[in-house]
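Dear colleague,

I am handing over the structure below, and after it I set out what was found. Please have it open as you read on.

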Amino acid sequence: MGWWRIDGISLTFSPGKSGRSCQGFPARGTLAFMAQATYDDANLILRLYEMRREEKMREARSWFVANYKPKAAADIQKIAPMGTPENAKMRMVITYWDMVASFITAGVLNPELFFASGREMLLVYIRLEGILGEMREFNKDANYLKNLELASKQFVDHMNKTSPGAYDALKARVGG
């Protein structure tokens with residue numbers, strides 16, 4: 001089995017260097033915890049953090065936290081109409097976190113290590129959770145943002161087991 005490495009902004013695949021075995025590895029789309037995080041996991045998290053600090057991404061994240069609070073899919077057109085800078089910011093934030101979630105669901109990134117510092121992904125999920133069905137129907141894509149949903153649900157389960165009440169408090173604070 002290979003591993004992903006992020007250099008700059010590009011992703012490259014290098015087979016066989018991670019030391020992870022395919023035997024007994026969770027099936028794609030499941031989020032069973034790996035026993036031990038690796039230095040590659042830590043480096044990936046650091047690189048993802050660096051990407052979040054990029055100026056346009058920082059601006060998009062700030063806008064998203066302050067303004068993106070739809071109660072129905074129709075609200076998206078009011079908050080971030082197609083072709084506007086707000087729509088670009090919305091898409092940048094949502095697709096960034098879906099990409100990060102895909103690393104977790106594909107087994108590339110250790111979930112437990114990510115869950116120690118990745119709560120911003122939950123904010124995005126909380127803001128989308130009630131309208132995901134409508135968004136999937138609109139896009140005619142039953143798998144739209146599926147990685148974000150799967151990883152976030154696993155994160156919620158993890159929080160509820162390790163710190164009961166923390167997720168409910170987070171949701172109350174950032175739910176919009």
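The secondary structure of this protein, which is a predicted model, comprises 9 helices and 2 strands, and from the N terminus on the elements follow the order β-β-α-α-α-α-α-α-α-α-α. Of its 176 residues, 42% count as buried, while the protein exposes about 9800 Å², with carbon and sulfur atoms supplying 54% of that area. Among contacts with a separation of 6 or more, 67% are between residues 24 or more positions apart.

The largest nonpolar core has 44 residues, of which Tyr 68, Trp 97, Phe 114, Val 124 and Leu 128 touch the most other members. Several helices give two or more residues to this core, including H1 (39-52), H2 (55-67), H6 (119-129) and H8 (146-162), but the largest share, 9 residues, comes from H4. Setting aside neighbours within four places in sequence, Val 124 is in contact with Phe 64, Val 93, Ile 94, Trp 97 and Leu 148.

Helix H4 itself has 21 residues and reaches 30 Å from its first C-alpha to its last, close to the 30 Å expected at 1.5 Å a residue; H4 is followed by Gly 107, whose phi is positive, near 85 degrees.

One further residue may be worth a look, namely Arg 61, which lies in helix H2. Arg 61 counts as buried because its relative accessibility is 15%, which is under the 20% cut-off. Not counting residues up to four places away in sequence, Arg 61 touches Arg 52, Val 93 and Glu 120.

With best regards

Methods: Residues are numbered from 1 along each chain as its sequence is written. This is a predicted model: local features need pLDDT of at least 70, side-chain atom pairs count only at pLDDT 80 or more; totals for chains, interfaces and linings use all residues. Side-chain values use heavy atoms; hydrogens and water are left out. A nonpolar core is a set of buried Ala, Val, Leu, Ile, Met, Phe, Trp, Tyr and Cys residues joined through side-chain atoms within 4.5 Å. Buried means under 20% relative accessible area, exposed over 50%, partly exposed in between (1.4 Å probe, protein chains only). Helices (H or I, at least four residues) and strands (E, at least two) are DSSP runs, numbered from the N terminus. Contact means heavy atoms within 4.5 Å. The expected span of a helix is 1.5 Å times one less than its number of residues. Accessible areas come from the Shrake-Rupley method with a 1.4 Å probe; for residues, only the protein chains shown count as cover.
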